[in-house]
Amino acid sequence: NWNEGSFEKINELWKAEHPNITIEPEYLVDDGMSDKYTLALSNGTAPDVVACALDWTTTFGNAGLLAPLDDYIAADGVDVSQYVQGAINASTVDGKLYALPFRSETYALFYNVDLLEAAGYTEAPQTWEEVLEIAEACTSGDVAGYGVCGSNYGNYSFQYITMLRSSGGTILNEDNTESALGSETALQTAQLYKDLSAFAPASMIENDNVANRTLFANGKIAMYMSGIYDAPEIIKANPDLNFACVMVPTANGAERSTILGGWSVAVSECSKNKEAAWEFVKFLTSPEVAKYYTNTFTGTG
């Protein structure tokens, strides 16, 4: 429901091109949304078009709950190469493409310039070791050094996995047959998460990243990691906050490797209006329209 306010503009553009097809929007909150989708897609009550977080598409496509888009793409000559390649890869299962992206982004580290300078740091941290050091230095009174997520599994896993990948670790072994979460780097990263929690707000266990963003906007957190979509919300909440963003820190001399986040749109396999649904998918993911719908970058970058 974070882009609910943009639908009026989308619908206005849609009606101008497709006056004979009516779009009826439905809104859900992100937390628990994938479970609701799974149930609705499985029992045939899902909407014709579903907006999916990038990582949901593989699950739904693999289960046969989404309609493959390849034939529609070929018939209409859609140039798939215009989209962010990682988003296309993530939406492809056994050679079939199940969704097109309207939004793509990665995480950044947000930091309060004034709080860091007051603690004696004039430059943003480049490594997780530096983040930990600065977090401790900035923690004082009711100001926490770093915003850690303790709730919302999507936020928590994104935080941990981003730290892990940018520390040289992986979730699975090289041939994807076993978990690699018992590796030295994975355990080191878990320890880092725990160590950062010592400099997090007292409400950490209840905090998702929206709570961290609110605290950051109010000058109560020195640093936290999130998508660039938080920047306009921070400015709206506190136009005077002196903050900046830097690329995700690294550890162990590893190459920076962040998760590709974002959202795509797909056609439900149970839809009885697949042709019309495809028209809306194609429309919504076009660069000209997606720029109104996304609150970060379009799926074409």
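**Helix packing, sheet and cores in a predicted model**

The buried residues of helix α11 are covered by elements that include β5 (107-112), α10 (209-217), β7 (221-227) and β8 (243-247); contact here means heavy atoms within 4.5 Å, and buried means under 20% relative accessible area, exposed over 50% and partly exposed in between (1.4 Å probe, protein chains only). Helices (H or I, at least four residues) and strands (E, at least two) are DSSP runs, numbered from the N terminus. The model is predicted, with local features requiring pLDDT of at least 70 and side-chain atom pairs counted only at pLDDT 80 or more, whereas totals for chains, interfaces and linings use all residues. Residues are numbered from 1 along each chain as its sequence is written, and side-chain values use heavy atoms, with hydrogens and water left out.

Helix α11 spans residues 230-237, and Asp 230, Ala 231 and Ile 234 are buried in it. Viewed down the axis of α11, the buried residues fall within an arc of 100 degrees and so line one face of the helix; the arc is that of the directions from the helix axis to the C-beta atoms.

Three strands form an open sheet in the order β1-β9-β4, with antiparallel pairing, where two strands pair if DSSP finds at least two bridges between them. The edges are held by β1 (49-53) and β4 (100-105), each with a single partner strand, so one side of each lacks a neighbour in the sheet. On average, neighbouring strands of this sheet are turned by 15 degrees against each other, direction ignored. Strand β9 (residues 261-267) runs antiparallel to β4 and is joined to β4 by five bridges. Glu 105 stands opposite Gly 261 in β9. Helix α12 packs on the sheet, touching β1, β4 and β9, and its direction makes about 155 degrees with that of β9; axes are lines fitted to C-alpha atoms, for helices over the stretch in contact, and angles run from 0 to 180 degrees between N-to-C directions.

The largest nonpolar core has 43 residues, of which Tyr 37, Trp 56, Phe 60, Leu 69, Leu 100 and Trp 278 touch the most other members. Such a core is a set of buried Ala, Val, Leu, Ile, Met, Phe, Trp, Tyr and Cys residues joined through side-chain atoms within 4.5 Å. Helix α12 (residues 274-284) gives the most to this core, with six residues. Another core lies apart from it and has 34 residues, including Val 131, Ala 186, Leu 192 and Val 248.
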